[in-house]
Amino acid sequence: MGPNEFDPQRSLQVLHMTVFSQSFSPCGKFLAAGNNYGEIGVFSLSAALGPEATEDSKMPIVTFKAHDGPVYSLLSTDSQLLSAGNGEVRAWNWAELVKKVSVGLGALGEVDNSLLMAGGDNKIHVMDLESGDFKMVLEGHSDYIHCLALRDSAGECLSGSEDGAVRIWDFRTGREVHSIEVFKYQECSRPQYGKYISCLTTDSDWMLCGGGPSLSLWHLRSVTPTTVYPVPGCQREACFHQDLVLSVGDGPFVSHCHLSGDVKARIPCTPPSLYSMRLNYSSQEHRVLSVAGSSQN
Amino acid sequence: MGSVTDDEVIRKRLLIDGDGAGDDRRINVLLKSFIKWCNSGSQEDGYTQYQRMLGTLGQCEFSMGKTLLVYDMNLKEMENYEEIYTEIGQNLTAAHEKIAECKKEILQAKRIRKNRQEYDALAKVIQQHPDRHDTLKQLESLDKELQHLSQIKENVEDKLELRKKQFHVLLSTIQELQQTLENDEKFSDADEHQGNQMETENGH
């Protein structure tokens, strides 16, 4: 079937497509998005955002099938794109080569040349990117891990899981430093949504976490929740940007909140529910915020 | 027929308009009238024609003066516009620089705001805890009470010890007295018995 002919199979696929993860390239000119069919599409930002952009230039320049299951997480290193799907992590050179790396899971993080992988087996595996062997395993969660965040200043990483706890791990000792059970704090907990933590991000001294419990800002030194944000629904991804907190989740909007707790703006978007949000810091001329989620139907 | 009327039209046009328009025509007419005047003979006509020619000449000079002034004015306007153009260009670059500076300032201000909000958030949490001075004072007063109470306890214990010892002394003295009394009785009994025995022995 030619590209211009009507392909009912493909249209049905597009109707039910959900984008779970995104990643900007190290040069900042491309965006890779992974969907629930295991495909990764690479978009060119300069073509799509330029003044002479047409409908065609907003289509992906390359689409390829990366995994058999959904691509839950994408991460860019200096020269490679790592994608994680059901059961494996693959590395692709941004110059389009394919190289299978190893076995894994749902969330990826990178810290000075080692790769952190966490997911279905309740553990975090730390792998050295150069040699490919596993340096250590961080155990302690009792249910699968949804998200990872890195705290470079202290050489620690944080992980949020289905069991409702956020654990802070130290890289040097390989042990857990703290365990915060967010749902036990009255001001954050929302028992009607559950206790899982689906979004986690840190800004050295502060941490944002949300999911079942409401999105809340925590001070890590004293491990106390300082602000709870009145954002409805479960948040899937949040990040710090200048003096704001941005978060996406249930509901077709991106919430911009001040650190003090008031919601400054709610920007509406097309997807009825958003799964992924990324800011392009690596490029000067294409400094964009890209959000992706389920398709409209 | 068409070409003849065309010729007529052309002829008429040339007759009416042959000298050109405005100033050009004035100069041509002047030239023609000068030649006519040179060729004419009579004085009077010549004089009026001469006056007329002077008039036309004056008019020509006047219009020439006007065009020169207009030319100067145009040059000056050009210069003026050039100046304004460069000024605007400079203002543009200055504005660009200001914008860049303002952007930096905004980033700085945002950072400051973020820090302030972080402080506020922490302050809110700290406020919920009781004041440090109060707790210290409470601790001090509790300490004093504790000391006072332990002092009292010591005193009471000492008294108890003393009383115990005194009672012990009393009891032991009583016992000794009892013992001595018993002994005395025994001895006095023994003495009596011996005395009785000696009497019965003596009686035999």
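Me: Why is A:Arg278 called partly exposed?

Reply: This is a predicted model, and its labels follow from computed values. A:Arg278 has a relative accessible area of 28%. Buried requires under 20% and exposed requires over 50%, so A:Arg278 falls in between and is called partly exposed.

Me: What makes A:Arg278 and A:Glu237 a salt bridge?

Reply: The side chains of A:Arg278 and A:Glu237 come to 2.8 Å, N to O. The rule asks for a side-chain nitrogen of Lys or Arg within 4 Å of a carboxyl oxygen of Asp or Glu, so the pair qualifies. It links distant parts of the chain: A:Arg278 sits in strand β25 (residues 274-279) of chain A and A:Glu237 in strand β21 (residues 235-241) of chain A, 41 residues apart.

Me: Is A:Glu237 buried or exposed?

Reply: A:Glu237 has a relative accessible area of 19%. The cut-off for buried is under 20%, so A:Glu237 counts as buried.

Me: What makes A:Glu156 and A:Arg151 a salt bridge, and why are they called buried?

Reply: The closest N and O atoms of A:Glu156 and A:Arg151 are 2.9 Å apart. With the limit at 4 Å, the pair is therefore a salt bridge. A:Glu156 has a relative accessible area of 10% and A:Arg151 has 11%. Buried means under 20%, so the label applies to A:Glu156 and to A:Arg151.

Me: How do you know that the pair of B:Arg113 and A:Asp243 joins two chains?

Reply: B:Arg113 lies in helix α3 (residues 43-128) of chain B, while A:Asp243 is in the loop between β21 and β22 (244-249) of chain A, so the pair joins two chains. Side chains of opposite charge can pair when their charged atoms come close. B:Arg113 is partly exposed at 34% relative accessibility, whereas A:Asp243 is buried with a relative accessible area of 1%.

Me: What else describes the contact between chain B and chain A?

Reply: The contact takes 10 residues from chain B and 13 residues from chain A. About 1200 Å² is buried between the two chains, 57% of it on carbon and sulfur atoms. There are 6 residue pairs in polar contact. By class, the side of chain B that touches chain A has 4 nonpolar, 1 polar and 5 charged residues.

Me: Why is A:Arg167 called buried, and what does its side chain meet?

Reply: A:Arg167 has a relative accessible area of 14%, and the limit is under 20%, so it is called buried. A:Arg167 is found in strand β15 (residues 165-170) of chain A. A polar atom of its side chain lies 3.3 Å from the backbone oxygen of A:Gly140. Residues that A:Arg167 touches include A:His141, A:Cys157, A:Glu176 and A:His178.

Me: Where does UniProt place the feature "coiled-coil region", and what is the span made of?

Reply: The unreviewed UniProt entry places the feature at residues 139-166 of chain B. In the model that span is 100% helix and 0% strand, and its end C-alpha atoms lie 40 Å apart.

How values were computed
Residues numbered from 1 in each chain as written. Chains lettered and ligands numbered in written order. Predicted model: local features only at pLDDT ≥ 70, side-chain atom pairs only at ≥ 80, totals over all residues. Heavy atoms only, no water. UniProt positions renumbered as here; feature names shortened; annotations may be inferred. Helix = DSSP H or I, 4+ residues; strand = E, 2+ residues; numbered from the N terminus. Contact = heavy atoms within 4.5 Å. Buried area = accessible area lost by both parts, 1.4 Å probe. Polar contact = N/O pair within 3.5 Å; in protein donor to acceptor, adjacent residues only side chain to side chain. Nonpolar A, V, L, I, M, F, W, Y, C, P; charged D, E, K, R; others polar. Buried < 20%, exposed > 50% of the residue type's maximum accessible area, 1.4 Å probe, protein only. Lists of a residue's contacts leave out its neighbours within four places in sequence.
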